[in-house]
Every structure is written in C-alpha cells, then in structure tokens.
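The sequence and structure come first.

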Amino acid sequence: MTAARDYDSIPGTYVYDSRRGREGYALNMFCMSLNSAANRARFKQNESAYLDGFPLSADQRQAVLQRDWLGMLKVGGNIYYTIKIAFCDGLTFQDVAGMMSGVTKEAYAQMMLAGGRSPDGNRHKGEVDKGEDHG
Amino acid sequence: MAEIVAGIACSHVPAIGVAMDRGMTGTPYWDPLFKGYAPAREWLAKLAPDVAIVVYNDHASAFSLEIIPTFLIGVAAEFPIADEGFGPRPVPVVRGHPALAWHLAESLILDEFDMTIANAMPVDHGLTVPLSITCGQPPAWPFPVIPLCVNVVQYPPPTGARCFKLGQAIRRAVAAFDEPLRVVIYGTGGMSHQLQGERAGLINRGFDTAFLDGMTRDPLSLTKITHTEYMREAGSEGVEMVMWHVMRGALDEQAVEVYRHYHVPASNTAAGLMILENGVAT
C-alpha cells in the first residue's frame, strides 16, 4: 500500500515525507552538524572544504553555497535543518521565510503584521482568486 | 495518588524565547503578546503544580534524522539546554522527575503505547519557550518537568486521534502513581504557521479560533482533522497542533477553559495559549 499524497496539491509547500527524506538525508545531516559552535566556525572559515565532509549532490552543494533557501527544499532540505545555515549567517526564520516567498524583508514583515498570508486562494495549486474561499 | 489538575496549550515560537532572552518584551511589536501571558503566569504560580509533563517536538536538536522516535519520554534527573545553531538559550537547566517519568514509561508501554525512553537528551525551544511563557524568567524552573517528544519533523507525525489516546493513557498512568502529586500537562506547538516554501507566512485565524473553541466544545471531533487538512488550512507547520490532543486526552471530558490568548504575529506564527482545568474532584 502506498500512502496517500493528497498534500501534493497544496501550493508552495514541501512536505518532508519519505521521498524528500531519502533525497535529503546527507544535506540535512550537514545542517545538523552546525549545532556545534566548533563546526560553525569551521564551516564559516571554508564552506567548500567543510561541505567536502558530507556526501551532498552537486545540486545540494550549490544550493547551500548560494544560500538558495527554496532550492534547498527542492533537493530534500528540511526547513528545521536548513534554518541552521541561516542562523550561521545571522538570519532569522522570518528573513528566510521572506526570501522563500519571493518578497522583500519589509514586505514580508508587513504581511505578517497585517495578519499573515490568507489561506484563501492558497489552498490548492492553480487557485488564482486571492479573495475567494475554496475551503 | 497523583492527579492531572490542568492542561496548558501553548505555542513554542523560538522568537518568543529570543524576545525574552534579549529583554525585548516591552517593545511595541512584542508587548501585546506578552501582556496576554501575564494572567497565565499568575494562574500557574497560584496553582503551584508539583510536576509538569511537557508534550513538545524536538527541532533537530536532541535528535537528528539518524533516529526518529514517534513518541519519546525523558526519564533523566536533568536535561541540559540544547544548542540549536545559535548557542543554548540562557535559561535554567530543566530538572526531571525520574520516579514519575519511569512509572509513565512502564505504564504506557504496558498500556500498548510503545514509548522510546531517553536517559540523556538536551531540550530545545519546543520545551523551554512554553516554560518561559508561563513561568517568566526565574533563576530555576519552579517545578520538575517530564519531557514527552512527538515527532512532527519527518512526515507523518502520529495522528491526532492517536495523540488523544496517548493522553488518555497518560491520565490512567498518572492516576496509578503512588504519590499525591498535582500534575499539569502542556501541549505545545502551533497554531497556524508555515515556515517554508513560497506559501510561508500562512495564517488562518478562522481555523485557529474553531480549534480553540473545539478544545472544550467537541475535542473528539478535532482529533479527526487529517494531516493534509492541518497543512492546507493551518500551514505545513500547523500540523504541530496534533500535540495539543495529547494534553486534551489527559484531561476530563468536561474540562473547562479558564483562559485564552491569541495573537498574530509572533514572527511567522499565530501564537495561541489556552488553559483548561479539570473539575473539582468529587
């Protein structure tokens, strides 16, 4: 039996299921290593050399070096892990969330202050009418 | 005999901990959130429980992807504060309650809940932020804590219905413990939020309000919410709300709401807090 993947219809969302878990294990374990201050210092000193210690794919390696936050999710990154790279850079969850959703830091912060992103129009892929309730 | 006297549902947004640790709680951004926490702190200080069970999820702190326990109970005498990637939070070490924790582990497993047992683990913001929210910044936490971790990082988390049943088993186990302890149980995480992808920042006040209302009106129907519904309606990380059901399952069917606070935003998240009390024992 294969588990239902009905969440695949949610737009802009990368559920960390077995498919991503199989692809992203090494990438996320690299991120996990950044829980140690000594490793953070080594990573900052020479990112490329540090990454050599982990069996990342070329795409994963490039996404990390370019800080392509959305790209990391697409090659198996889990946000609770990839955020540790952002912490290393002195960024916050909100900084990264803004970058992933493709708006400026200010615009994202303003959206949150105004009550956040509405679920209306954002429940199913292909929805366009932001005001319409499809729930 | 020990007894669960109350439940606390509480978001565990890391930025709330940062705001406290850096003395920013009085800023215009944070003030409305923290004002709403004050009555909960007063209530908890007055209740003065003997021990707390805190149901939370680890966020790649104690556990990596090497081993992913679905349900885990911490039985240690002490739990250090984790370095989550920016140094440990400057909060007191968390004291455990090994006697009750081991009793719970044995009782739950024999009651067919196959707990993983942790003798040593650090605890992260998932556990410490709810303590900070409800206890403030004391030099030592006012009661020992039993950490109970639920996996919500690797899909799928346990279902809401399973979490509720675990709560019921916790209640039976606590009631069978041979010391007159007054226990509170925290269910943490949520409410609506999405930290990842192009849809980051999703908030659903309607969903959250119905969820808060349902905690007393019809908690069993809330346990039927599917993971996909949580993720679609309350954001991918909103699925953390399954942990509230553990707390709810451990309380009386007729538990009453004594306090609620809901605020948007706390960073990317709708922060919710609810206190439920069991009825007076007859």
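Two residues are in contact if their C-beta atoms, placed from the backbone, lie within 7 Å. On that criterion, the contact between the chains takes 43 residues from chain A and 34 residues from chain B. The model is predicted: local features need pLDDT of at least 70, side-chain atom pairs count only at pLDDT 80 or more, and totals for chains, interfaces and linings use all residues. Residues are numbered from 1 along each chain as its sequence is written, while chains are lettered from A and ligands numbered from 1 in the order in which they are written.

Helices (H or I, at least four residues) and strands (E, at least two) are DSSP runs, numbered from the N terminus. The table lists the elements of chain A that give two or more residues to the side touching chain B.

| Helix of chain A | Residues |
|---|---|
| H1 | 18–33 |
| H6 | 79–88 |
| H7 | 93–100 |
| H8 | 105–113 |

H6(A) provides the largest share of that side, six residues. By type, the side of chain A that touches chain B divides into 25 nonpolar, 13 polar and five charged residues; Ala, Val, Leu, Ile, Met, Phe, Trp, Tyr, Cys and Pro count as nonpolar, Asp, Glu, Lys and Arg as charged, and the others, Gly among them, as polar.

Chain A is divided into domain 1 (15–91) and domain 2 (92–126), with bounds from an automatic or database domain assignment. Their centres, taken over C-alpha atoms, are separated by 23 Å. Five residues of domain 1 and six residues of domain 2 form the contact between them. On the domain 1 side, helix H5 (69–74) and H6 of chain A each supply at least two residues.

Chain B has 10 helices and 10 strands. Its radius of gyration, taken over C-alpha atoms, is 17 Å, close to the 19 Å that the globule rule gives for 282 residues, so chain B is as compact as a globular protein of that length. The rule is 2.2 Å times the number of residues to the power 0.38.

In chain B, strand S9 (residues 256–266) and strand S10 (residues 269–277) pair in the antiparallel sense over eight bridges; pairing requires that DSSP finds at least two bridges. His263(B) has Ala271(B) in S10(B) as its bridge partner.

Ile73(B), leaving aside neighbours within four places in sequence, is in contact with residues including Ala101(B), Leu104(B), Met115(B) and Leu148(B).
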